[in-house]
Structure formats: structure tokens, C-alpha cells
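Here are a few friendly notes to read alongside the model. Keep the viewer open as you go through them.

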Amino acid sequence: MDNNPFLNAQQQIDDAAKYSDCDSEIIKVLKEPQRVIEVSIPIEMDNGKVEIFKGYRSQHNNYRGPYKGGIRYHPGVNVDEVKALSAWMTFKCATVDIPFGGGKGGVIVDPHKLSEHELKHLTQGYIDKIFDLIGPEKDIPAPDVYTNAQTMAWIMDEYSHIARVHSPAVVTGKPLENEGSLGRDTATAQGAAYVLYEYLQTVEKKLENTSVAIQGFGNAGAHLAKILYDSGFKIIAVSDSKGAIFSTDGLDPRAIEEHKEKTGSVKNFKGTKNIPADDILTLKVDVLVPAALENVITNKNATKIKAGCILEVANGPTTPEADEILEKKKIDIIPDILANAGGVTVSYFEWVQNLSRFYWSAEEVDSKLKSKMESAFSDIHNFAKKKKITYRQAAFALAINRIGKAVKNRGILN
Ligand code: NAD
């Protein structure tokens, strides 16, 4: 069970349900995706050979609004991962109270091995296969691991091409030139930073020199490193899929970004020590940030974690068994469905701007994001203190209440 993310997601729902006001019959509904589809995508590769790629889209729940969630390109994609990620999206959108349900897609592929031309055809082929299921009022994809603004522009183009309409609102995380939103590229990291600042105030910790280790140096992790560095935090370790680096003096994330652009990895950056990739999780730091993939903090390493708190920027990085161990060790976890909700929040703002054809300033996006994140943290913090439960249990329970009421009001179960 420890490494099946979908079973873990179901267990998180069960763990929180007892603190919610929701009927047990509705909980049964919230534990299952409404629809999961598998598609096969044949691509003529640059060498003239045909390869078949397998893809999925899981539509977990749409009682509060259209399905919403990213598309992941990764060799480890599987149906249980996609189902779990879609469920977390439903609870995440309810946590920050935006009118979306949850969905997620994935294609089993190592995108680093494909040319730009092949990736474009793969994206078009995937959208062609799921075209009937998506749309601005149905299901709205976004970026996730190893997909980016370029992938989103191809999705918008393919969908618009098949539908014979100009349809930017079918996907979020688009480039600015294609009706993306200002602030979307940094939104996940900025939202996580706002929540972290609020949390650190509650434990009366100053931001200056707060030490941080970040696993994953991609869209979420690298932007967060820069935002925290600019706020006076000391980034002492970062990692990517190829390895980890460490320096007690602190790292400059912009210099590491340049190094990664040149060499393909954060490894071997001058003045730092290469450490085994997994050691980043067990460093003694004030804030540990998993920002890569799920199931990295498990019953095997949770006892060794020495961080003051964990900010879950990745989805599902901590298994329920590890949660129990960390609770006993009194290590607070700021759960994924709150910590990384800034991404979908600004995706919501992008969708609203696309539908209204009226575009906001960066300041407007940022101030709306800040207020959403701070009010979600405050609700969860107060509920957790009142009930003497973890932030994860509080976040899920409050989300369950919101979704449960939407189900009941619509008369779906009675
Ligand atoms: P990304 O593709 O931009 O970056 C992923 C990073 O993780 C890369 O640096 C990669 O090298 C690293 N990585 C992969 N395997 C690793 C491993 N085994 N050990 C260490 N590092 C590893 O992806 P992203 O968008 O930054 O997403 C990262 C996480 O954040 C995912 O869990 C994703 O679901 C979550 N998330 C992203 C967004 C978003 O808006 N991008 C929003 C919410 C949640």
C-alpha cells in the first residue's frame, strides 16, 4: 500500500472524513474517479519508424466545476498515479475554494529522448484522442512534470483546430503570447512561499537565514528557491533527477540555474559538495521541500528526517505511514493540496481572463493569489488547532465539507 499513490489518496480521504461533516455515503463517491480513460497514440518518429505511446486522463470529480489538472510526461506514469493526482486536484481546488473539480493526465514517455517535432506530434495525438472529454466547460489541462508552456500552446492549437473555434480557455499555463496569464509560471512557487511565510509566523520563526533543502529543481522547485533566496532564506541543498548538491554557506539559485542550463544538471556546481540524491531528504534544515515526485518520504526514511517542517510542493510526496511517523516526531507537514495550490489558483485566474477576454496586471494576479493562499492557510491552521489534528487532516476535512455540500445541494445522492 505504501507506494500505490491512489490507495494512499483514498486513505488520506478516510483519515480526514471523521473530522468532516460529510455523510459517509458521499465519502464513498469522493474516493473514486468518475471516469478514467486509456489511449494509445501512434507517432511516426523522425527515423520513419512508428512508436505507440500509452496515455491516460482521469476525471475524478466535477461537482464543484469542470475537471482541472495537469498533464505529465514521464516514463513512470501509470493509471494509479494519474487517478491519485486527479483526486488530489479535486481536494486542492476545494481547499483554495476555486470553482473546479479534479482531473489529471499522463503519457508514458521520457520526453528528453524525443525531438521537439516528435513531442509536438505526441501532444497533438494525445489531444486528438481525448478531444471529446476536454473543453473550457468540461476539463481543462495544465502543465505538470516535464510538460511546459510550449506543450500547452500545442494543446490549445490542436483543440482549437479540431473544434474550429479559437479556444484559449481549454488549457492553462500557456505562453503570454498565447493568452497565458502573467504570474502563472511562478504561481506554484509563489503560492507555496506565501503559505510558508504564514506558517513560520505561527511558530514565530524569522525568515532571515531559515535553512531550506529543495528536492527537484524544475518549474516549482527552482522558482521557489529564487523566491525564498530573495526573502533572505538560506538554500543549503538542491537536487534534480541526476543528483544533489550541498553547501552550508548557502547556494545562489540563479547561478545554479545557469549551471543546469549549461550542463543539464545541478550536479558539480563549483564550491558545493555532491551528495547522494536521497540524502537531501534527511538533512538537518528548518524547511524541507520535496518538489519532484510522489512517494519520496516513506516508512523507510521518515524516522531519519530532521527537518523542522515539510512544505509539500510535489504532489503526494509523503505516504500515510510516513505521515504517522512524522506526526509522532512533531514535524509539521504543510500538505500538497494547500502548499502547491498556487499553480491551479493562477490557472483559474488565467481561465477567467480567457473567458472574459480581459487581461490583468501582474500586481492584480499576485495580490489575488496572496489573499487566496493566506485565507486557505488561516482556515486550515485554525481548524487543525481547534480539532488537534494535522494540517493534512484539516485541509482534507475542510475540502470534503465543501465538496460534500456541493454534491448534496445538487441532489445527486438523495
Ligand atoms: P518539472 O518537470 O518542471 O521539474 C521536475 C523536477 O524534478 C526536475 O528538476 C527533475 O530533474 C526533478 N526530478 C525528477 N525526478 C527526480 C528525483 N528522483 N529526484 C530528484 N529530483 C527529481 O516539474 P514541476 O512542474 O516543477 O513539478 C514538480 C512537482 O510539483 C510535481 O509533483 C508536480 O505534480 C508538482 N506541481 C507542479 C505544479 C506546476 O504548476 N508546475 C503545480 C502543482 C504541483
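How far is an oxygen atom of the ligand from a polar backbone atom of Ala 292?

1. The separation is 2.8 Å, within the cut-off for a polar contact (a pair of N or O atoms within 3.5 Å). Please bear in mind that this is a predicted model, where local features need pLDDT of at least 70, side-chain atom pairs count only at pLDDT 80 or more, and totals for chains, interfaces and linings use all residues. Residues are numbered from 1 along each chain as its sequence is written, and side-chain values use heavy atoms, leaving out hydrogens and water.

2. Around the ligand are 22 residues (a heavy atom within 4 Å). The closest are Asp 144, Tyr 146, Thr 188, Asn 219 and Asn 315. By type, the shell has 9 nonpolar, 9 polar and 4 charged residues, with Gly counted as polar and Tyr as nonpolar.

3. Why does the ligand lie between domain 1 and domain 2? Both domain 1 (31-168) and domain 2 (187-334) give residues to its shell, so it lies between them. The bounds come from an automatic or database domain assignment.

4. As for the domains themselves, their C-alpha centres lie 27 Å apart. In domain 1, 10 residues are in contact (heavy atoms within 4.5 Å) with 6 residues of domain 2.

Terms used
A polar contact is a pair of N or O atoms within 3.5 Å; within protein, one must be able to donate a hydrogen and the other to accept it, and residues adjacent in sequence count only if both atoms are side-chain atoms.
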